[in-house]
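Keep the structure open beside you as you read.

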Amino acid sequence: MPSSLLLLRLSNLHCQACTAFQKLSRSLSSSPPILAIGPESPKFIEVPQPLQPTYPPKRRIKGVLPTPRNVFHRRGPRKPNPGYFAAVTPEPKSDASSPTPDTAEGARIAWKERMAATRRRNLRDGLTELYDRKKQIEHSTASRSHYWRLTHEALVRQKEREDERLTNPTILQSMRVFQKQSVSDPKRAKRIRRKRLIWRNKQQQQKAERIEALHSLYMQARSFITTEADLDAAIDRIFVPKPADFMTDTEYGQSVWIKGPPETVRELLSITNKESSKAVEYNEGSAVLTNERMKRIQEELTGGKM
């Protein structure tokens with residue numbers, strides 16, 4: 001075996017105590033400790049570190065904890081009081097016929113009584129401590145919220161610092177008002193009065209429309225179907241073998257379109273302006289149109305359908 005390989009193996013056979021003693025012993029050299037690190041260490045090559053240290057990430061805890069139950073509900077009974085404790089943890093009733101503790105049955109009963117007393121004491125102490133902790137948490141939360149609210153109000157209302165005022169960019173005085181306070185509106189009262197008048201007119205218009213709708217409903221109620229006789233009469237009048245709307249002077253059709261399409265606006269204007277190509281409509285007087293106009297005028301004057 002070569003001598004170099006033997007020396008390499010012998011160099012690894014060091015005692016742990018000797019190695020620990022060498023690490024704890026004081027070095028007599030004046031070289032810095034960083035130069036004494038061996039090449040097997042990851043710190044042998046110096047790597048530059050950032051100025052802001054990196055913190056290790058938060059350790060992720062696996063699993064999901066159940067949501068704690070609200071023991072002190074607002075609508076529930078007030079638990080930490082003597083009345084509630086007396087109701088949920090009643091004291092045992094004295095029984096003169098219970099066996100003596102000297103016997104096996106008496107020892108078992110005495111052990112069960114001690115366990116029941118322990119459960120009663122644990123329930124009372126647990127509810128009391130939970131209530132105290134709840135009050136402490138509520139007080140701490142309220143104090144913290146009050147402190148941060150006051151701090152926020154103080155920061156908002158504090159005066160602008162002189163260095164900030166001197167280093168601010170140039171802002172017009174008219175624009176500075178928008179940043180610090182609400183803009184004054186000298187025409188606010190006049191605008192409010194105008195809008196109130198518009199609102200009142202709108203309400204009156206809606207009231208008039210409702211009254212007109214009710215009056216029209218009242219005038220048209222005479223043709224409503226309210227009885228079975230009226231329903232039978234309406235069915236006989238509408239559902240006839242040959243409706244008049246489906247008939248012309250020469251033939252009978254299957255729908256109202258047998259009489260042709262409805263009149264267009266141009267045809268209606270031609271009748272009014274006496275420009276129709278039909279001799280009957282051209283020579284027709286103004287009595288028909290006047291009657292229709294008079295009917296609409298009467299409806300406007302009376303406030304309902306005629």
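Which residue forms a salt bridge with Arg120?

## A pair of charges to begin with

The partner is Glu91, and the closest N and O atoms of the two side chains are 3.8 Å apart. This pair links distant parts of the chain, since Glu91 sits in the loop between helix 3 and helix 4 while Arg120 belongs to helix 4, 29 residues apart. Please keep in mind that you are looking at a predicted model.

The two partners have opposite surroundings. Glu91 is exposed, with a relative accessible area of 53%, whereas Arg120 counts as buried at 15% relative accessibility. Arg120 gets that label because its value falls under the 20% cut-off, and Glu91 is called exposed because its own value is over 50%.

Glu91 has another partner to look at. Arg124 also forms a salt bridge with Glu91, and here the closest N and O atoms are 3.3 Å apart. Again distant parts of the chain are linked: Arg124 is in helix 4 and Glu91 in the loop between helix 3 and helix 4, 33 residues apart. Arg124 counts as partly exposed, at 25% relative accessibility.

In general, an α-helix has 3.6 residues a turn, so residues three or four places apart point the same way. Both side chains are partly exposed, with relative accessible areas of 42% for Arg149 and 27% for Glu153. As for shared partners, salt bridges join Glu91, Arg120 and Arg124 into one network. A search of the whole structure finds 7 salt bridges.

## Helix 4 from end to end

Helix 4 covers residues 104-157, which makes 54 residues. From its first C-alpha to its last, helix 4 reaches 79 Å, close to the 80 Å expected at 1.5 Å a residue. At its start, a side-chain oxygen of Thr103 comes to within 3.2 Å of the backbone nitrogen of Gly106.

Which residues of helix 4 are buried? They are Gly106, Ala110, Arg120, Leu127 and Tyr131. So Arg120, from the opening pair, is on this list. The buried residues of helix 4 pack against helix 3, which spans residues 82-88.

## The chain as a whole

Stepping back, the chain holds 11 helices and 0 strands. Read from the N terminus, its elements run α-α-α-α-α-α-α-α-α-α-α. The chain has 306 residues, and 7% of them count as buried.

The chain exposes about 29,400 Å², with carbon and sulfur atoms supplying 58% of that area. Among contacts with a separation of 6 or more, residues 24 or more positions apart account for 31%.

## A nonpolar patch on the surface

Where can you see nonpolar side chains gathered at the surface? Ile225, Leu231, Ile235, Ile238 and Phe239 form a nonpolar patch there, with about 510 Å² of accessible area together. One of these residues, Ile235, is found in helix 8, residues 228-238. Ile235 is partly exposed, with a relative accessible area of 36%.

One more residue is worth a visit. Thr272 lies in helix 9, which runs over residues 265-272, and it counts as partly exposed at 40% relative accessibility.

Which residues does Thr272 contact, leaving aside its neighbours within four places in sequence? They are Leu289 and Arg293. Thr272 and Leu289 are 17 residues apart in sequence, and their C-alpha atoms are 8.0 Å apart in space.

Notes. Residues are numbered from 1 along each chain as its sequence is written. This is a predicted model: local features need pLDDT of at least 70, side-chain atom pairs count only at pLDDT 80 or more; totals for chains, interfaces and linings use all residues. Side-chain values use heavy atoms; hydrogens and water are left out. Patches are made of residues with over 30% relative accessible area and no salt bridge: like charges are joined within 9 Å, nonpolar side chains (Val, Leu, Ile, Met, Phe, Trp, Tyr) within 5 Å. Accessible areas come from the Shrake-Rupley method with a 1.4 Å probe; for residues, only the protein chains shown count as cover. A salt bridge is a side-chain nitrogen of Lys or Arg within 4 Å of a carboxyl oxygen of Asp or Glu. Helices (H or I, at least four residues) and strands (E, at least two) are DSSP runs, numbered from the N terminus. Buried means under 20% relative accessible area, exposed over 50%, partly exposed in between (1.4 Å probe, protein chains only). The expected span of a helix is 1.5 Å times one less than its number of residues. Contact means heavy atoms within 4.5 Å. A polar contact is a pair of N or O atoms within 3.5 Å; within protein, one must be able to donate a hydrogen and the other to accept it, and residues adjacent in sequence count only if both atoms are side-chain atoms.
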